[in-house]
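User: Please guide me through selected helix and strand contacts, step by step.

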Amino acid sequence: MIFDIGHLILLAALVLAAFGILGGYFGGQQRNTRLIQSSFNAVYAVAALVLVATVILWYGLLSDAFQLSYVWNHSERALPTFYKFSALWGGQAGSLLFWCLLLSGYSAIVAFANRHRHQVMMPYVNSVLLATSLFFLTLLVFAADPFKRVGFVPPDGQGLNPLLQNYWMIIHPVMLYLGYVGMVVPFAFAVGALMSKRLDNEWVHTVRRWTLIPWMFLSAGIIMGSQWAYMELGWGGYWAWDPVENASFLPWLTGTAFLHSIIIQEQRGILKVWNVVLIWLTYFLVILGTFTTRSGVLESVHSFARSDVGPYFLGFLVIILFGFLWLLFDRLPLLRGEHTIDSYSSREAAFLANNWLFAGIAFATLWGTFFPMFSEILTGERISVAAPFFNKVNGPLFLLLLLLMGVAPLLGWRHTSLAAFRKQFTFPTLAALGVGVFVFVVARSLYPMIGLAICAFVVATIIQEYVRGVQARRSTTGENALVAIGNLWRRNGRRYGGYIVHIGIVLIGVAVIGNEFYQQSLSVTLATGESATVGRYQIVYNGMQTDRQANLMEFGAQLEAFHLDSGQQVAVVVPKRNIYDKAPDMPTSEVGLHMSPIEDVYVVLNGWDDGGASATFTIYINPLTMWMWVGGIVLVIGTLIAAWPNPVRRRNESVRALAYATGDD
Amino acid sequence: MTEATTSDRPPAAGADREQPASKRAVRIWQAVFVLILVGFVVLLALRLVQTNQSEQRAAGEAPSFTFTTFQGETIALEDLRGQGVVVNFWASWCNPCRDEAALLEAAWRREKENGIVFIGLDYLDQEPAAKAYLAEFDITYPSGPDLQSAAARRYGIKGVPETFFIDPQGNIQELVIGPIVSQNRLDELLDQIRP
């Protein structure tokens with residue numbers, strides 16, 4: 001009964017969204033304040049209704065309402081409560097509802113925050129946000145009803161997919177969705193600006209923070225996803241260029257490019273067309289990614305079960321693609337750049353190169369993801385594009401990007417003089433040379449040397465920037481260094497927070513280089529008491545322990561790792577296998593992990609005989625992996641510094657823009 | 001720095017002068033762009049149609065398929081009527097598949113005289129890696145790529161490994177998701193499909 005109400009609520013939200021879209025559009029056209037106000041109210045009402053519907057589904061999950069097909073398929077009585085809670089995004093219909101919840105939540109916050117600003121643009125922004133909600137509500141009402149019933153009341157559910165029963169799996173999709181869904185907001189502003197012909201820097205200013213926040217969630221989501229793969233899937237790696245991973249990575253690439261290129265638009269008034277195209281691509285890739293992983297169009301190890309949502313998504317994609325292009329082509333004359341790029345040795349040229357690189361990586365990734373599918377349609381033969389392709393193409397491009405990340409801050413706007421060149425590049429170049437020589441002496445290999453030298457260059461650049469910033473403040477205000485750094489963050493968080501994000505990226509880069517070039521692994525069968533040697537470690541197997549949990553049996557192999565030279569114990573490592581009652585054929589793996597700043601000891605339990613008298617393991621030594629997770633945290637902190645609202649900064653915005661224009665910051 | 005500000009105007013004026021030619025260029029670029037996107041959407045649509053056409057596994061009846069082994073032999077399921085058929089979906093990248101590979105091969109060598117056929121269908125894989133896998137476990141029963149994942153889709157597999165036991169009348173008797181690791185279990189399953 002209450003679940004029928006849930007369905008009706010979604011239907012009501014759908015009708016309201018449709019009404020709000022019209023209200024926004026005609027209100028914007030006719031400057032009719034009552035219609036405009038209706039569009040705002042529709043945004044709030046849709047958010048409230050979707051929230052109520054979500055709460056009803058949560059109630060169904062938590063109260064074991066197995067008469068609901070969704071609950072029956074994705075939960076069971078013995079499931080721990082927080083997994084029942086997170087089962088909301090464990091299946092198709094529920095996760096679409098969750099998408100819709102986040103979207104309408106974002107929309108309500110955007111509408112509320114801007115209710116007195118951007119008077120001309122906002123009605124259209126509301127319409128675009130509601131149109132996206134309308135699409136997802138259509139799916140929920142007509143194609144993937146989360147409140148659909150099974151014909152009888154089953155005694156127990158079928159259980160949540162074992163792979164999803166992991167704490168990372170609770171938080172990772174939430175982060176990813178927050179990032180994904182949030183990218184709708186900057187797109188809505190871009191369309192709003194195009195529709196209302198307000199194409200000055202006004203929308204760009206607003207949109208920057210609304211892009212940074214989803215960007216941060218998306219980055220965190222991607223990193224948590226790789227952490228999940230690392231800890232749970234147990235193939236020794238963190239990234240496999242799987243279609244679903246690529247689906248989350250593609251909008252990240254275009255979104256990152258957008259975040260950089262809007263800086264040039266703000267400073268120099270160029271690249272206006274490129275910027276709206278980038279944000280449109282980001283939005284398109286978000287919807288495309290959601291579509292491909294849910295419709296069976298791309299096959300992946302972790303795609304959703306197929307359902308009927310495919311044709312709806314395709315229709316929506318067509319609207320996004322051609323509707324936007326039509327609008328863009330119509331408004332092209334209004335988007336002419338105010339300047340041209342003066343010199344290749346300018347910061348805007350470096351930003352432009354950065355954008356080309358991001359676009360190149362995005363294109364290669366898109367190509368690699370879709371090529372197998374298209375070649376299969378056209379020739380009937382499936383050609384797999386695997387990790388080596390992506391690594392070969394994207395690896396060098398990322399390295400160039402990393403280099404630009406170091407170079408760009410050293411260049412001035414418009415043009416860099418030779419004297420400035422020398423002053424700026426001396427310290428970073430020396431640092432890069434030093435690290436490069438050191439790596440070459442120690443490791444004698446080319447690519448890691450280049451990679452780490454570039455990382456050193458970037459870090460040195462950032463240190464130099466900070467030292468100069470702090471010195472400048474100290475000489476004018478006399479405050480101590482720590483206070484000065486705090487003030488740099490507070491007053492110019494965009495720039496100095498951005499540098500922190502770059503440090504995070506460098507740390508991730510270091511981890512990738514370590515893993516790509518120095519990973520060691522060994523597959524071995526050990527009887528109790530036997531040991532194996534990998535890298536600098538001797539690893540001893542001490543037998544198997546079993547443990548009964550609520551809905552699973554846990555088998556843990558007890559291993560000890562010792563230093564080969566000193567014989568000292570380093571860690572106790574317990575790789576596990578979980579066998580779930582509801583899915584005994586799908587045992588999941590829990591890797592045994594000892595993390596340290598230098599390298600991880602990472603053990604996967606592959607199987608065992610005679611109750612654990614002997615067991616088979618794959619042992620990996622993964623160098624520097626910890627820095628990937630540290631880098632992720634640093635990146636989030638940096639983004640927060642960059643996005644933090646700052647009254648001082650807002651007041652100074654115009655003053656600083658002037659300072660930038662004269663090449664003096 | 002101030003003289004640079006004045007240099008902003010000329011390029012804009014230059015752009016105005018070039019307008020007729022550049023307008024046509026813009027139109028051509030727009031058309032190219034639109035065409036590429038149309039192509040992309042059409043391919044997506046084709047793919048979607050293809051995906052939806054895949055039949056769901058009819059109640060109990062084994063969907064037909066034809067495949068070509070890595071040795072070049074073409075085999076159709078219908079031709080195997082009268083024998084018990086074990087269809088195993090696998091992939092070289094699939095670790096759990098390794099747990100059952102030796103057991104399946106041993107069973108095939110023992111049972112091939114008893115009217116039971118083993119078939120390996122390689123799911124989403126690359127040929128060199130797949131061949132290396134077959135060599136590693138010395139697999140001699142017919143095995144080949146499941147092109148376009150056609151069979152995988154018709155059988156609606158949940159993942160690899162997944163194994164179907166089809167009786168001599170062509171009905172699915174059992175399916176096992178995940179590796180088969182015990183000899184007893186495999187024997188029980190085989191007993192259900194003996195001719």
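**Helix and strand contacts**

Analyst: Within H16(A), the residues Tyr466(A), Gly469(A), Val470(A), Arg473(A) and Arg474(A) meet Ala481(A), Ala484(A), Ile485(A), Asn487(A) and Leu488(A) of H17(A). Contact requires C-beta atoms, placed from the backbone, within 7 Å; helices (H or I, at least four residues) and strands (E, at least two) are DSSP runs numbered from the N terminus. This is a predicted model, in which local features need pLDDT of at least 70, side-chain atom pairs count only at pLDDT 80 or more, and totals for chains, interfaces and linings use all residues. Residues are numbered from 1 along each chain as its sequence is written, while chains are lettered from A and ligands numbered from 1 in the order in which they are written.

User: At what angle do the axes of H16(A) and H17(A) cross?

Analyst: Axes are lines fitted to C-alpha atoms, for helices over the stretch in contact, and angles run from 0 to 180 degrees between N-to-C directions. The axes of H16 (residues 446-477) and H17 (residues 481-491) of chain A come within 9 Å and cross at roughly 105°.

User: Which residue in S9(A) is the bridge partner of Leu593(A)?

Analyst: Two strands pair if DSSP finds at least two bridges between them. S8(A) and S9 (residues 599-609) of chain A pair in the antiparallel sense over three bridges. In S9(A), the partner of Leu593(A) is Tyr602(A).

Terms used
Contact = placed C-beta atoms within 7 Å.
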